[in-house]
Amino acid sequence: MIVRDLSDVECRRMLARKSLARLACARDGQPYLVPILCYFDPEGGCLYSIAAEGQKIAWMRENPKVCVELSEITDRFNWTTVLVFGRFEELSDRPQHEAARHRARALFEQREDWWFPAMQKPEPDVPASAVIYRIRIDEMTGRKGQRS
């Protein structure tokens, strides 16, 4: 098996074609890992996402340092993975976030049912409160494994 590092361009291509990812955040020394849908903005170098108020939002507000992992796995000998290290930034309704919220919405709407399952809460009678956020990418790395 051959494993090689991905170039920055290859990492960006992966971010552009994949939307299902895993978000890792931490609070008080305790890590938390959760699947998310995210959308890459190649112009701004950010990942955008939306979520209901909950544990991951609370934890990211407290500690904005996060890691996002995206992968394509054919089998144990053929896979690609990208890790993004970055910072959570909540996009509020304030005027300074208007352009970013507009960009996020444009990216979200490129896919059908973009809001699902992010806005589904386990309690059906409790309306979910939407939080739009982005991950500002500080660093990214990637690797590809394939049969030799």
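**Buried positions, strand pairing and salt bridges**

Lys56 is buried (under 20% relative accessible area, against over 50% for exposed and in between for partly exposed; 1.4 Å probe, protein chains only), yet Lys56 has no salt bridge, and the nearest side chain of opposite charge, that of Glu53, is 10 Å away. A salt bridge is taken here as a side-chain nitrogen of Lys or Arg within 4 Å of a carboxyl oxygen of Asp or Glu. For charge, Lys and Arg count as positive and Asp and Glu as negative, while His and the chain ends are not counted. The model is predicted: local features need pLDDT of at least 70 and side-chain atom pairs count only at pLDDT 80 or more, whereas totals for chains, interfaces and linings use all residues. Residues are numbered from 1 along each chain as its sequence is written, and side-chain values use heavy atoms, with hydrogens and water left out.

Lys56 belongs to helix 2 (residues 55-62). Helices (H or I, at least four residues) and strands (E, at least two) are DSSP runs, numbered from the N terminus. Beyond its neighbours within four places in sequence, Lys56 is in contact (heavy atoms within 4.5 Å) with Leu23, Cys25, Tyr32, Val34, Ile36, Ala51 and Tyr133. One of these residues, Ala51, is located in strand 5 (residues 46-52) and is buried, at a relative accessible area of 1%. Between the C-alpha atoms of Ala51 and Ile36, 15 residues apart along the chain, the separation is 8.4 Å.

Strand 8 (130-146) takes part in several pairings, where two strands pair if DSSP finds at least two bridges between them. Strand 1 (residues 2-5) runs antiparallel to strand 8 and is joined to strand 8 by four bridges, with Val3 opposite Gly145. Seven bridges make up the antiparallel pairing of strand 5 with strand 8; here Ser49 has Tyr133 as its bridge partner. Strand 7 (residues 78-90) is also antiparallel to strand 8, over twelve bridges, and Gly86 is partnered by Ile137.

In helix 3 (residues 98-108), the buried residues include Ala100, Ala104, Leu107 and Phe108. Viewed down the helix axis, the buried residues of helix 3 fall within an arc of 100°, so they line one face of the helix; the arc is that of the directions from the helix axis to the C-beta atoms. Glu98, Ala99 and His102, on the other side of helix 3, are exposed. The cover over the buried residues of helix 3 includes strand 4 (39-41), strand 5 and strand 8.

Ser71, in strand 6 (residues 65-75), is buried at a relative accessible area of 15%. Leaving out neighbours within four places in sequence, Ser71 contacts Met14, Lys18, Arg22, Thr80 and Thr81.

The loop between strand 2 (20-27) and strand 3 (30-37) contains Asp28. Asp28 is exposed, at 71% relative accessibility, and its phi is near 50°, a positive value in a residue other than glycine.

The count of salt bridges comes to 14. Among them, Asp5 and Arg143 meet with an N to O distance of 3.1 Å. This pair links distant parts of the chain, with Asp5 in strand 1 and Arg143 in strand 8, 138 residues apart. Asp5 is exposed at 53% relative accessibility, whereas Arg143 is partly exposed at 47%. In the salt bridge of Asp41 with Arg103, the closest N and O atoms are 3.0 Å apart. Asp41 lies in strand 4 and Arg103 in helix 3, so this pair ties together parts that are 62 residues apart in sequence. Asp41 is buried at 4% relative accessibility, and Arg103 is partly exposed at 24%. Asp138 and Arg87 also form a salt bridge (2.9 Å, N to O), which links strand 8 to strand 7 across 51 residues. Asp138 is partly exposed at 48% relative accessibility, as is Arg87 at 39%.
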